[in-house]
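These are my notebook entries on what I looked up in one structure. I took the topics one at a time.

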Amino acid sequence: MRAVLSIITLITLALLGAGCSPNRSADSSGRLGVVAAFYPIQAAAQAVGGEHVHVTNLTAPGVEPHDLELTPDAVEEIQSADLVLYFGGGFQPAVEDAIPGASGEAVDLLAGLPTVAPPAGQSEGTSVDPHVWLDPELYGELVGEVDTALTKLAPADASTFHANAAALEDDLSSLDRDYAAGLAHCARDVIVTNHAAFGYLAAHYGLTQEAISGLAPDAEPSAARLAQLRTLVEREGVTTIFTEELVPPDVAETLANEAGVQTRVLATIEGLTAEEQAAGDTYDSLMRQNLATLEAALGCS
């Protein structure tokens, strides 16, 4: 197994690019100016691009990316970047609205991935479920899309991009294997989540996701939905209602209290909180924390 440190080292570098101008003309080193819509894209772009890219994340730490509103400076960053990497399908409408003004390349990373439609009645303005990064296999495909985009703009650096992408894809394969092994033998297979962020992960590892709200984490569930979930919790022997880092847990905690079960955080990794940054957390470390949380909640052995 490739050492886990390699993915941590590569992805942690993503944080160093935040807040910097993506404009190549403003970068004396001549690095590609890359704008990433939110953290998972930022992490992949910095890991693949390494020292050849200058990455800016449009979504500040602690901000829920679904709710992103762009400042004039952020719009200027999009317009002046060499490369803008984003998700289409209505995930971040403000970013999509600014894309036509981009002078460089703009790549919708979801367009090249095998996405699925939102669950019935849970679209909240999106045409696809965007949460592909929570499935390590799909995230590996996204890394390949980033490699292709960077290589198109800087073919002289292609060998570096390919090597970095291959290393990250290998580490994601290792993470995938650990998830498959850890979730192979569990007493329960139903996860009740704050919002419908874990559909790809659940499908990949044989779990069933039941979400309090839909694809948008701030959508208000109906009283009927909460009653339905309480019945499901009791019927399926669910022990844990999963909250998340960037959204208040009030509704999930109320459901847990009424059902007599606990709550635990299952990180959506849509962005890092200030506390996660201070702790040195990365995509890999948070995914592994999620695995341990799932194993405990589902009674895996």
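This is a predicted model: local features need pLDDT of at least 70, side-chain atom pairs count only at pLDDT 80 or more; totals for chains, interfaces and linings use all residues.

**Entry 1: the largest cavity.** The residues are Arg188, Val190, Ile191, Val238, Thr239, Thr240, Phe242, Ala297 and Leu298. By class, I recorded six nonpolar, two polar and one charged. My search of the whole structure returned one cavity of 30 Å³ or more.

**Entry 2: the disulfide.** How many disulfides does the structure hold? I found one. The partners are cysteine 186 and cysteine 300, with 2.0 Å between their sulfur atoms. I placed cysteine 186 in the loop between helix H6 (158-182) and strand E5 (190-193), and cysteine 300 in the segment after helix H11 (283-298); the pair therefore ties together parts that are 114 residues apart in sequence. I also looked up the handedness: the torsion about the S-S bond of cysteine 186 and cysteine 300 is about 95 degrees, so the disulfide is right-handed.

Next I checked the accessibility of each partner. Cysteine 186 has a relative accessible area of 25% and is partly exposed. Cysteine 300, at 18%, counts as buried, because the cut-off for buried is under 20%.

**Entry 3: strand E1.** Is strand E1 enclosed or open to the outside? Five of the five residues of E1 (residues 32-36) are buried, so this strand is largely enclosed by the rest of the structure.

**Entry 4: the partners of E1.** I looked up which strands pair with E1. With strand E2 (residues 53-57), E1 pairs in the parallel sense over five bridges. Within that pairing, I found histidine 54 of E2 as the bridge partner of glycine 33. With strand E3 (residues 83-86), E1 again pairs in the parallel sense, over three bridges. There, valine 84 of E3 stands opposite valine 35.

Last, I asked what unit E1 and E2 make with helix H2 (residues 39-49). I recorded a right-handed β-α-β unit formed by E1, H2 and E2.

Note on methods. Residues are numbered from 1 along each chain as its sequence is written. Side-chain values use heavy atoms; hydrogens and water are left out. Buried means under 20% relative accessible area, exposed over 50%, partly exposed in between (1.4 Å probe, protein chains only). Helices (H or I, at least four residues) and strands (E, at least two) are DSSP runs, numbered from the N terminus. Two strands pair if DSSP finds at least two bridges between them. A crossover is right-handed if, with the strands pointing away from the viewer, the path from the first strand over the helix to the second runs clockwise. A disulfide is a pair of cysteine sulfur atoms within 2.5 Å. On a 1 Å grid over the protein atoms alone, a cavity is a set of points where a 1.4 Å probe fits but cannot get out, and a pocket is an open set with protein on both sides within 12 Å along at least five of seven lines; lining residues have an atom within 4 Å of a point. Grid points are joined across faces, edges and corners, and a volume is the space filled by probe spheres set on the points. Ala, Val, Leu, Ile, Met, Phe, Trp, Tyr, Cys and Pro count as nonpolar, Asp, Glu, Lys and Arg as charged, and the others, Gly among them, as polar.
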